[in-house]
Amino acid sequence: MPQQSVPAQGLLAARPVDRLRRYRPCTGESSLNTLIAFATEPGAVAYDGTGALSPFSSAFSRRALAPNQEIRAVMAAVRRDVVKATNGKQVPWENSSLVDDVVLMPNDEPEGQQVMVEQTQPASERGLHITGAAEAVDNHGVSIPVGVGPVPLKLDFPTNDPAVSLKLASYPATGTLSLPDRTLSPESSLMADDVDHLRYEPQIGSAAPVEVGFQISAGKASKRATMKLSPSVDPCDQAAGAPLDLQGVAPGRQPNEIGGGAVEACETAVKTYPDVTRFRYELGRALLASGKVDEARKAIQEAADKGHVRAVFELGYIAASGTGTTVDPTKANSLYSQASDKGDPYAMAAWGRALFNGLGVQSDTGKGLDLLLKAAAMGHINAMNDLAVIFQEGRNGVPADSVRALAFLRAGIERQGVYSMSILGLPARSALPVAVCKPKVVRKIITKIKVVKIPTPTTPPVTETPVKPKQNDTWPAPWRGSDGDHDRPSRPSGDVGAPETDNTGTPEGGSTGTSDTGSTVGSDTGSIGLF
């Protein structure tokens with residue numbers, strides 16, 4: 001059993017002036033730009049170990065001799081060494097007020113100050129280490145998934161020699177490079193055994209490859225190397241991501257655009273990244289699109305419980321539409337309100353619509369209008385259509401403003417909103433072409449005519465049926481369909497309240513394929529008339 005010492009006191013202090021000295025708290029000097037290192041955490045003991053040096057002293061003496069290492073990087077490496085050597089029983093700490101970088105062994109120091117390193121590492125071997133390290137970096141191209149947190153680069157660096165050091169020569173144009181204990185900045189310094197712990201987190205929305213440049217050095221030898229990183233979108237995000245999802249990473253798909261392979265892709269993503277709640281929500285969308293309502297509700301509920309905001313809206317939509325359950329507008333409004341407070345544009349539109357019209361809640365026209373305006377500003381097309389009708393007609397005390405109404409419709413048209421187009425009487429731009437077959441014309445030549453005499457009727461003459469006056473109504477007459485006779489279609493009333501759809505006609509209000517309950521424009525009975 002290794003012996004234990006008394007609780008550790010402050011052991012070391014580093015300042016830019018003299019780089020390393022014992023901390024003297026009673027000298028009256030300012031504490032600014034000072035680092036105090038402790039062999040272990042407060043209240044714990046530091047182990048003596050079984051060798052000539054304690055685990056802390058051994059790690060520090062080895063790490064501190066590496067050239068061009070900033071003191072905080074040295075202490076992080078020392079901490080890892082001690083935790084490993086003591087199986088986690090001893091964790092070194094430090095208190096720091098450093099505002100400048102402190103390098104213990106810069107390359108320009110006289111050779112005598114690096115004797116221990118030089119004796120254990122011949123120049124030829126150092127050169128081989130640098131060459132192998134540079135090749136490992138240059139040959140490493142990594143595809144990094146977006147939106148799953150920092151991803152280990154797994155460089156498999158060929159050496160952990162403390163004589164080998166690295167400095168960031170070029171920082172990635174987007175995203176964040178880090179170690180488990182700190183975020184790296186341009187020109188940060190690393191030790192050789194730090195490299196295998198490097199992580200990169202891409203910037204959401206950026207798909208362009210980035211490069212990371214390193215200057216690898218040992219003694220006077222130095223070599224430049226560049227690593228390529230390519231951000232990529234997970235197949236689950238591609239297949240079942242939701243439009244305008246604040247926690248999403250892709251443009252998203254409408255419910256009718258979710259294909260058959262989405263469930264499998266999202267099940268894999270949930271298994272690979274169990275802590276990423278977005279994948280649970282997208283799995284729910286995929287299950288809902290495939291008709292597995294109960295499984296979908298369970299996945300969406302799990303995502304909502306773990307903090308995914310759009311999942312909270314989706315549960316409200318399910319309650320409002322009664323998908324696989326009873327319709328519950330009170331529950332729907334409660335969920336809409338929760339998700340709206342967290343900034344979800346779909347929830348803002350639904351909750352704003354309910355407040356503006358007093359649908360299952362006390363009417364609050366001002367707040368409802370404000371939420372609809374915010375949702376429209378975030379790109380929600382159905383909110384744009386609602387606002388167009390509100391400003392065209394001047395509803396609930398809101399003054400009519402045809403200029404604003406037309407502006408909202410144009411914004412919807414720019415986003416390919418088919419209902420925005422239909423309100424203005426424009427054909428949907430995404431209408432699918434229909435193949436027209438030219439009928440075959442068959443001509444028959446008449447060569448004989450047969451005359452048939454009709455006998456005189458013996459029944460009383462039939463009274464002539466009076467001719468009805470011609471109607472001006474040109475609306476279609478009753479028609480016969482495959483399921484029997486139908487009454488003539490009712491005349492259109494100028495209703496512009498159909499649910500918002502994507503370009504293929506599927507409602508955008510939720511994954512169930514129907515509009516949000518209580519659409520503001522759904523009760524419209526007049527012509528929009530914006531021409």
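Predicted model: local features only at pLDDT ≥ 70, side-chain atom pairs only at ≥ 80, totals over all residues.
1. Helix α14. This helix covers residues 402-414, which makes 13 residues. Just after α14, Q416 takes a positive phi of about 65°.

2. What buries α14? Its buried residues are A405, F408, L409, A411, G412 and I413. The cover over them includes α12 (365-377), α13 (381-393) and α15 (418-423).

3. K374 and D370 both belong to helix α12, four residues apart, about one turn of the helix. An α-helix has 3.6 residues a turn, so residues three or four places apart point the same way. The side chains of K374 and D370 meet in a salt bridge, at 3.4 Å from N to O. K374 is partly exposed at 41% relative accessible area. D370 is also partly exposed, at 35%.

4. Helix α11. A350 sits in this helix, residues 345-357. Is A350 buried or exposed? A350 has a relative accessible area of 3%, under the 20% cut-off, so A350 counts as buried. Y317 lies 33 residues from A350 in sequence, and their C-alpha atoms are 8.8 Å apart.

5. The open sheet. Four strands run in the order β7-β12-β9-β10, with antiparallel pairing. The edges are β7 (151-152) and β10 (182-183), each pairing on one side only. Two bridges join β7 to β12 (residues 199-201) in the antiparallel sense. P152 has R199 of β12 as its bridge partner.

6. Salt bridges across the chain. The whole structure holds 11 salt bridges. One of them joins R79 and E94, with the closest N and O atoms 2.9 Å apart. This pair links distant parts of the chain: R79 is in helix α2 (residues 71-85) and E94 in strand β5 (residues 93-96), 15 residues apart. E94 is partly exposed, at 21% relative accessible area.

7. Which residue pairs with R80 in a salt bridge? The partner is D194, at 2.0 Å from N to O. D194 lies in the loop between β11 (189-191) and β12, while R80 is in helix α2, 114 residues apart. D194 counts as buried at 1% relative accessibility. R80, at 26%, counts as partly exposed.

8. A network. D237, R278 and E282 are linked by salt bridges into a network.

How values were computed
Residues numbered from 1 in each chain as written. Heavy atoms only, no water. Expected span 1.5 Å × (residues − 1). Buried < 20%, exposed > 50% of the residue type's maximum accessible area, 1.4 Å probe, protein only. Contact = heavy atoms within 4.5 Å. Pairing = 2+ DSSP bridges. Salt bridge = Lys/Arg side-chain N within 4 Å of Asp/Glu carboxyl O.
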